[in-house]
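Thanks for coming, everyone. I have one structure to walk through today. Please have the viewer open.

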Amino acid sequence: MRVLFGSIFFAFLIGVCSISLAQTKSSAIQGKVLMDTNSPAEAATVVLMQYADSTIISSGLVDKLGKYQLSNLKSGNYLLLVTQIGSNKVYSGPYTLSAGQTFIAPNIILKQVSTQLKDVTIVARKPYIEVKPGKIILNVQNSVLADGNSAYDILRQSPGVHLGNDKESLSVIGRQPALITIDGRPTNLTGDDLNNMLRGMQSSTVDQIEVISSTSARYDASGGGIINIVLKKGKNVGTNGTFTAGAGMGKYAKGRAGIVFNNRTANLNIFGSYTYDDGKTHRSINTNRNIKYNDTLSNYNVAYNNIQKTQNHNFRFGADYALSSKQTIGFLVSGIVKKDAFVKNNDLKISNQNKLDSLITAQSDLTRSSSFLNYNINYNGVLDKSGRSIAADVNYSTYVRHSDEFITNTFYLPNGDTYRDDMMLENISPSSIHIWTSKIDFINPLSKTARFEVGAKYNHAKSDNTLLFGPKLPGINIYQADPNFSNRFLYTEVVSSGYVNYINKIGKWDITAGLRAENTASRGSSFALNQNNGVTNSNNYFNLFPQAQASYTYNDKNVYTVSYNSGIHRPDYQDINPFLYYTDPYDYRSGNPNLKPEFTTTIQLSHTYNSEFITSLYYSQTDDAYDFPVYRQNDTTKVNITERKNFGRIFSYGISFYAPVQFTSWWSANFNLDASYLRYKAYAANGNFNKASQDIIFNSTQTFVLSSTISAEISGRYESPTLYGVNQLKQSYTVNAGISKQLFNKRGSIKINLNDVFNTDRDLNHAAYQNVDLSEINKKETRVWRIGFSYRFGKATVKSATKHNTGSDDEQRRTGN
């Protein structure tokens with residue numbers, strides 16, 4: 001392990017030294033590109049080529065002032081090629097560049113060749129990772145390593161994303177879980193239900209993932225940032241799409257196939273996708289719990305193994321219709337239907353004073369079916385010539401899950417004899433969630449640089465959860481529900497919200513300021529068996545969330561940004577469900593109906609250099625923090641219950657740094673370092689827990705262009721030992737590798753990748769909290785070979801069209817897209 005960590009750290013030092021060397025000895029070319037009308041040729045592409053053989057060295061876009069800069073260059077002779085849709089190509093040079101020189105090239109003039117744009121073939125390729133102030137963009141389709149993975153697996157390895165100690169919850173900044181949206185719309189799912197949906201979403205259906213740390217009042221208030229998953233929707237004229245197929249092998253085999261398609265005409269675009277996955281995975285958890293009571297040291301050691309077979313159907317169908325050049329209406333139906341079969345084996349060894357006392361084995365078969373269906377109608381329109389626009393959405397989602405588990409407990413003495421009859425248990429847990437959401441956004445331009453935004457949203461969620469848990473009656477094949485563990489829980493939550501935003505550019509300043517108001521009314525009722533009147537908990541609270549961001553452009557190379565965000569994270573549905581979930585006779589998981597939301601405030605200061613290197617300082621504070629496991633152990637009965645509670649406060653101070661590096665014309669890399677200092681401080685009711693720790697996360701992706709059709713990627717992630725609630729986590733690291741070959745005139749490709757090359761991706765943690773002394777090793781099947789094939793069919797031209805200034809477009813522009 002030390003050798004591997006030393007190698008990763010040495011590679012990091014080489015990267016840093018290379019960056020330093022590039023900044024001290026590299027050269028650059030600057031200049032302007034103008035139209036023949038003397039106006040800036042904004043968004044024109046400048047390509048730098050070797051004069052001797054026309055090899056492409058680098059490229060860049062012209063900014064709104066017509067300026068460009070190509071940096072980190074070696075001395076030599078170069079040509080410039082400038083292109084823009086609707087204009088003639090222009091070559092400029094050759095120019096001789098000396099070491100350390102910044103060469104100012106003569107102005108380059110483009111001439112428009114036609115006022116009517118023709119169809120053009122898209123040949124540009126975006127990098128996998130793009131970084132902007134407050135935002136990281138993952139271009140999923142351009143990654144070799146993303147192929148064959150789910151959206152959840154991609155996010156676990158992504159720069160800028162933090163993981164919980166069980167690697168289930170995802171956050172962007174601080175420790176509050178991120179708001180997950182799909183095409184800008186919240187999923188409205190939480191916890192395991194949300195993660196199951198993300199695991200069912202194949203990378204072949206995802207176009208981009210946006211990791212946003214600095215949000216505005218237009219979004220739902222989220223102190224943990226936003227992760228927006230942008231699904232594929234074809235922009236090409238005619239009928240076209242992509243077919244994908246693949247297979248994988250870890251401990252067990254996996255397979256997948258899918259299609260993404262669209263048919264676009266002048267006014268109508270019909271799009272859809274379907275993906276099918278089938279495979280097995282393995283997971284093991286080893287837990288060691290020490291209990292000291294009445295001068296006796298007891299040890300409860302659990303070895304849990306789980307084989308999960310999954311069949312997954314992911315589909316999406318929709319249409320957008322242009323009512324006019326400035327109005328569009330659309331609908332969307334999407335869903336994920338899963339069927340899982342689990343085979344579980346749980347071995348509990350009980351020792352007293354280091355001598356084996358007994359062994360309890362729990363073997364179970366669990367079948368689970370789940371479906372997530374979403375129906376959406378949306379409208380976008382520009383109301384007048386001033387640019388006033390309106391966007392509206394109505395959304396209905398339903399999530400239904402049914403689990404049937406049958407458990408056999410066998411009780412052994414150390415010599416292998418049984419000391420009591422087997423205990424047969426039934427665990428039936430149907431669940432359903434229904435969510436209605438409606439929202440409207442209005443944008444009013446005040447001037448050429450300023451605009452005012454206002455909007456409202458209504459969200460109504462209702463969940464119904466039942467747990468039937470109990471033993472099999474002796475002598476007959478009938479199970480009887482135990483009233484101490486069986487229950488029904490009904491929960492309703494209504495969130496009404498509204499916001500105002502003001503956006504303006506004043507000189508070198510870009511300013512966004514907003515206020516979001518949210519009122520939450522919730523009611524949870526728990527009914528025991530044969531009980532008509534249950535225990536009810538109601539909450540009604542109103543909150544204001546101010547948010548602001550200001551950017552100052554000091555010069556062409558330096559931009560400074562400061563932002564302030566406040567947000568809320570409401571408890572997951574299963575976290576407030578008071579059920580006791582059975583693991584073994586001495587281990588349960590429990591919900592907490594008295595759980596309150598947690599609130600986070602975040603301040604960031606960032607510096608962007610040359611539109612590439614980004615450094616950010618941040619501070620966050622979370623009050624009523626609950627999103628981590630807390631243990632409650634009874635030393636007499638030896639029963640341990642894991643639950644969530646409003647534990648205390650979390651303070652986080654950190655710095656992050658992102659740097660892309662072009663080592664050679666064929667080798668590029670990006671480095672992302674996030675170093676923070678965390679402190680968890682419990683409220684008095686939860687003891688005197690007050691601990692702090694560092695948290696250092698390092699990501700790097702290396703890209704190698706081996707030929708015009710072959711490329712390869714290697715990525716690595718390292719996280720230092722750190723705290724997550726009452727758990728002390730050990731260091732973790734993983735390395736992934738892959739290679740891609742383009743086929744059939746670049747319409748097809750074959751990708752081969754290996755995730756977790758050294759099989760090191762696992763969780764190791766230890767909790768020493770009050771009377772609890774618990775250690776755990778959690779290992780999922782992560783080392784998996786995958787091979788995937790994709791083929792693009794149909795037309796490969798993009799229709800030139802009038803730019804629609806819809807509400808969605810405005811939001812994308814505001815966030816930097």
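**Rings, strands and a core**

Let's start with F704. Its relative accessibility is 17%, so F704 counts as buried. Keep in mind throughout that this is a predicted model.

Now its ring partner. The ring centres of W667 and F704 are 5.9 Å apart, with the planes at 20°, so this pair is stacked. W667 belongs to strand 39, residues 667–682, and F704 to strand 40, residues 690–705, so the pair ties together parts 37 residues apart in sequence. Is W667 buried or partly exposed? Partly exposed, because its relative accessibility is 27%.

How many aromatic pairs does the count give? It comes to 31. Take another of them, F469 and Y582. Their ring centres lie 5.2 Å apart and their planes meet at 35°, so we call this pair tilted. F469 sits in strand 27, residues 451–471, and Y582 in strand 32, residues 580–584, so the pair ties together parts 113 residues apart in sequence. F469 is at 6% relative accessibility, so it counts as buried. Y582 is buried too, with a relative accessible area of 12%.

There is also a cluster. Ring pairs link F628, F647, Y680, F689, Y724 and Y769.

Next, charges over rings. R589 puts its charged end over the ring of Y581, 4.6 Å from the centre. K344 lies over the face of F342, at 5.9 Å from the ring centre.

On to the nonpolar core. The largest one has 25 residues, and I209, I227 and I229 have the most contacts inside it. Which element gives the most to this core? Helix 2, with four residues. Look at I227 itself. Beyond its neighbours within four places in sequence, I227 is in contact with several residues, among them L155, L170, V172 and I209.

Four strands, order 3-2-5-6, antiparallel pairing. Strand 3, residues 56–61, and strand 6, residues 90–97, are the edges, each pairing on one side only. Neighbouring strands are turned by 20° against each other on average, direction ignored. Five bridges join strand 2, residues 45–50, to strand 3. In that pairing, L48 has S58 as its bridge partner.

Last stop, a hairpin. Strand 36, residues 630–633, runs antiparallel to strand 37, residues 640–643, with four bridges between them. Q633 stands opposite N640. Six residues separate the two strands, and K638 in the turn has a positive phi of about 70°.

That's the tour. Over to you.

Methods
Residues are numbered from 1 along each chain as its sequence is written. This is a predicted model: local features need pLDDT of at least 70, side-chain atom pairs count only at pLDDT 80 or more; totals for chains, interfaces and linings use all residues. Side-chain values use heavy atoms; hydrogens and water are left out. Two strands pair if DSSP finds at least two bridges between them. A nonpolar core is a set of buried Ala, Val, Leu, Ile, Met, Phe, Trp, Tyr and Cys residues joined through side-chain atoms within 4.5 Å. Buried means under 20% relative accessible area, exposed over 50%, partly exposed in between (1.4 Å probe, protein chains only). Contact means heavy atoms within 4.5 Å. Axes are lines fitted to C-alpha atoms, for helices over the stretch in contact, and angles run from 0 to 180 degrees between N-to-C directions. Rings of Phe, Tyr and Trp (its six-membered ring) pair if their centres lie within 6.5 Å; planes under 30 degrees apart count as stacked, over 60 as edge-to-face and the rest as tilted. A charge sits over a ring if NZ of Lys or CZ of Arg is within 6 Å of the ring centre and within 35 degrees of the ring normal.
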